[in-house]
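Hi,

Here is the structure I promised to pass on. Have a look at it first, and my notes follow below.

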Amino acid sequence: MEIGLNHYLVLSTILFSIGLVGVMRRKNLLMLFFATEILLNSVNIAFAAISHYYGDLTGQMFAFFVIAIAASEVAVGLGLLIVWHKRYNNIDLDYLNTMKG
Amino acid sequence: MFEAIAFYLFAFLTIAMFYITVTTSQALYALTALAAGMIFISAFFFILGADFLGAVQIVVYSGAVMALYSFGMMFFDTTREVKEKQGNKYIVVGLATVAAVLVVLIFSAPILSDNIIALYPIGEAGNTQEVGVVLFTKYLVPFEVAAIMLLVAMISGIVLAGKKMDASLTLMTEKEIQDMRKEKKSKKALL
């Protein structure tokens, strides 16, 4: 049985929906970050698969930039999360409503 | 044949690991499952012939990002059970499925149209060499911008997470440093 591009796209979709469910049902901000990583990784799989089946390197380039963005997002996000946790002593989304009008 | 076996094995493992990450109530289980899932994803990159991308995935994700998360978790109370949002389950699942189908349509639209010509064909040289050539010719400016972005992220991480980073010892006079030290000593009782 030959593994085609559709197999990879379906796998990427399944992982993406797992990440989306995680983003929607998590209340803890750290868990929300984990779900975001899952989303970015599923897109990376799709990029690499399209790059392979088209014989084009551009998909891999985009995957590299996605990885770079994910790394910097983690650094800034965790820094902000630590500051928030120092001040309010929790990282739940429900308490993050200081901008509520 | 072997490709199919490897694909299905790693697909099952990745989905299982990410499912654990999304559903578990223990933060440490989620972290470990996520790290395992990242390693399994790099297997797909090796199957697809993107060797350099697979190596970068292992080094950056399972190395740097996971280490950052585990350092960050030292600041939080991770032994406590994670509370969940009590929303309508069907709405969440339905929205996620609709969004995922949309993503498939977005990705498959150019494939169905079948009009794309490979701009940078994968040649005979090794994957790493090809990636290097494309990265340092066509994508040189985005590469440099990404480097500056990582630098900014690193500095902001240090400033946000570090203590007393708003004060610079080299720019302060001797008296101010002495005052700061005294203040720190009196604060230690509170900490």
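**The second largest pocket**

A total of 18 residues line the second largest pocket, and those nearest its centre are A:Phe64, A:Ile67, A:Ala68, B:Val60 and B:Leu150. Before I go on: this is a predicted model, where local features need pLDDT of at least 70 and side-chain atom pairs count only at pLDDT 80 or more, while totals for chains, interfaces and linings use all residues. Residues are numbered from 1 along each chain as its sequence is written, chains are lettered from A and ligands numbered from 1 in the order in which they are written, and side-chain values use heavy atoms, leaving out hydrogens and water.

A pocket here is an open set of points on a 1 Å grid over the protein atoms alone, where a 1.4 Å probe fits, with protein on both sides within 12 Å along at least five of seven lines; lining residues have an atom within 4 Å of a point. This one has a volume of about 380 Å³ (the space filled by probe spheres set on the points, which are joined across faces, edges and corners). Helix 3 of chain B gives the largest share of the lining, seven residues. At least two residues each come from helix 3 of chain A and from helix 3 and helix 6 of chain B; helices are DSSP runs of H or I, at least four residues, numbered from the N terminus. The lining divides into 18 nonpolar residues, no polar and no charged (nonpolar being Ala, Val, Leu, Ile, Met, Phe, Trp, Tyr, Cys and Pro, charged being Asp, Glu, Lys and Arg, and polar the others, Gly among them).

**Aromatic pairs**

Over all chains there are 12 aromatic pairs (ring centres within 6.5 Å; edge-to-face means planes over 60 degrees apart). A:Phe34 and B:Tyr69 are edge-to-face, because their planes stand at 90°, with the centres 4.9 Å apart. This pair joins two chains, since A:Phe34 is in helix 2 (residues 29-54) of chain A and B:Tyr69 in helix 3 (residues 51-73) of chain B. A:Phe34 is buried at 0% relative accessibility (buried is under 20% relative accessible area, exposed over 50%, partly exposed in between, with a 1.4 Å probe and protein chains only). B:Tyr69 is buried too, also at 0%.

Another edge-to-face pair is A:Phe62 with B:Tyr139, at 6.4 Å centre to centre and 75° between the planes. Here A:Phe62 is partly exposed at 41%, whereas B:Tyr139 is buried at 12%.

Enjoy looking around!

Terms used: Phe/Tyr/Trp six-rings, centres within 6.5 Å; stacked < 30°, edge-to-face > 60°.
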